[in-house]
Amino acid sequence: MVTPAVRVEGLEHTFRQKGREVRALDRVDLEVGEGEFVALVGPSGCGKSTLLRVLAGLLVPTGGSAEVGGVSAVGRPGLVAFMPQKDLLLPWRRALANAALGLEVHGVPRKEARARARALFGVFGLEGFEQAWPVQMSGGMRQRLALLRTFLVPSRVLLLDEPFGALDAITRRGMHAWLQAVLALEPRTVLLVTHDVEEALVLADRVVVMSPRPGRLVEEVAAPFPRAREPGIVTSPGFVAAKARVLAALGEGGGTLAEAGEERRAPGA
Ligand SMILES: Nc1ncnc2c1ncn2[C@@H]1O[C@H](COP(=O)(O)OP(=O)(O)OP(=O)(O)O)[C@@H](O)[C@H]1O
Ligand SMILES: [Mg+2]
């Protein structure tokens with residue numbers, strides 16, 4: 001049997017703080033195959049970031065198992081490349097130094113880390129900004145820089161928590177094309193969290209839908225569209241049908257069924 005890149009079984013997590021309990025995850029089972037791109041969608045607060053933080057080894061869950069490449073990730077950071085929901089660029093480090101950080105943390109000598117980071121600035125659309133401070137960069141550039149830092153981490157598995165969350169729709173579309181191109185150059189296994197159903201279906205092989213808190217997986221929708229996917233794909237009948245299924249699954253607990261219905265009726269959409 002082939003070991004999946006990511007395997008989560010019976011995962012549960014309850015936050016306990018000052019006598020208050022918040023059950024964030026409820027018996028989550030998920031497998032992501034080697035080289036597969038899975039998008040995770042679900043209402044705000046359903047536990048998506050919690051799931052990623054468990055897989056990144058940063059949060060020890062109250063139950064269940066989480067493995068990366070057949071190895072338990074529980075309490076064990078470093079098995080994945082993780083881009084947290086906030087970009088977490090260090091304001092006192094220039095762009096190049098920020099990009100190299102993930103490699104340096106993995107023990108790569110500073111000079112080599114920076115040389116490897118520098119080589120990718122062009123690919124990530126950041127050429128000429130090696131010495132810029134994060135504050136001098138646009139939102140899109142900062143997110144590409146955070147992605148570059150994540151990509152440089154020597155791991156086959158990327159966990160991306162709303163990597164394009166702060167961007168406007170046009171910049172986002174550009175980033176989708178760009179991310180697909182980068183992954184075509186160097187394929188990875190990706191687990192992406194997003195609020196944007198279209199983004200999920202444009203980028204992923206499979207979209208997994210979570211219920212409101214405590215998060216459970218309630219639906220899986222395949223996105224079997226040929227690559228590279230052009231922005232125009234969103235109006236194709238197969239895409240529209242897949243989107244309606246995801247929205248309906250979200251609506252079961254969150255009240256967006258009407259939206260899914262509209263989607264089905266939309267003429268020529
Ligand atoms: N450190 C913490 N202590 C206590 N409760 C927490 C903590 N982190 C998250 N929670 C709670 O756990 C639940 C899940 O949070 P999480 O951040 O995983 O949601 P999410 O699905 O990523 O939401 P969003 O889409 O808004 O980013 C929320 O109710 C949140 O308030
Ligand atoms: Mg989150």
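I started at Phe82, whose bridge partner in S7 is Leu159. I keep in mind that this is a predicted model.

**Around S7.** I looked up the neighbours of the strand next. Strand S6 (residues 81-83) runs parallel to S7, and three bridges join them. Strand S8 (residues 189-193) also pairs with S7 in the parallel sense, over five bridges. There I found Leu158 standing opposite Val190 of S8.

Is S7 buried or exposed? Five of its five residues (157-161) are buried, so the strand is largely enclosed by the rest of the structure. I then checked which way they point: Val157, Leu159 and Asp161 go one way, Leu158 and Leu160 the other. That reminded me that side chains in a regular strand alternate between the two faces of the sheet.

**Leu159 and the core.** I went back to Leu159 and listed what it touches, leaving out residues up to four places away in sequence: Leu52, Leu55, Ala56, Val80, Phe82, Met83 and Leu191. The largest nonpolar core has 73 residues, and Leu159 is among those touching the most other members, along with Leu55, Ala204, Val207 and Val246.

**Helix H1.** Two of the residues Leu159 touches, Leu52 and Leu55, are also on the list of buried residues in H1. With seven of its eight residues buried, H1 is largely enclosed by the rest of the structure. Just after the helix I noted Gly57, which takes a positive phi of about 80°.

**Ligand 1.** Which residues are closest to ligand 1? I get Phe15, Ser44, Lys48, Ser49 and Thr50, out of 14 that surround it. H1 (48-55) gives the largest share of this shell, three residues. Strands S1 (6-17) and S2 (20-32) each supply at least two. By class I wrote down eight polar, four nonpolar and two charged residues for the shell.

**Whole chain.** Last, I stepped back. I have eight helices and ten strands in the chain. The radius of gyration is 19 Å, close to the 18 Å from the globule rule for 269 residues, so the chain is as compact as a globular protein of that length. Its C-alpha atoms fill a box of roughly 55 × 50 × 40 Å along the principal axes. Buried residues make up 38% of the chain. Of the contacts with a separation of 6 or more, 66% join residues 24 or more positions apart.

Methods: Residues are numbered from 1 along each chain as its sequence is written. Chains are lettered from A and ligands numbered from 1 in the order in which they are written. This is a predicted model: local features need pLDDT of at least 70, side-chain atom pairs count only at pLDDT 80 or more; totals for chains, interfaces and linings use all residues. A nonpolar core is a set of buried Ala, Val, Leu, Ile, Met, Phe, Trp, Tyr and Cys residues joined through C-beta atoms within 7 Å. A residue is buried if 20 or more other C-beta atoms lie within 10 Å of its own, exposed if 12 or fewer, and partly exposed in between; C-beta atoms are placed from the backbone. Two residues are in contact if their C-beta atoms, placed from the backbone, lie within 7 Å. A residue is near a molecule or strand if its C-beta atom, placed from the backbone, lies within 6 Å of it. Helices (H or I, at least four residues) and strands (E, at least two) are DSSP runs, numbered from the N terminus. Ala, Val, Leu, Ile, Met, Phe, Trp, Tyr, Cys and Pro count as nonpolar, Asp, Glu, Lys and Arg as charged, and the others, Gly among them, as polar. The radius of gyration is taken over C-alpha atoms; the globule rule is 2.2 Å times the number of residues to the power 0.38. Two strands pair if DSSP finds at least two bridges between them.
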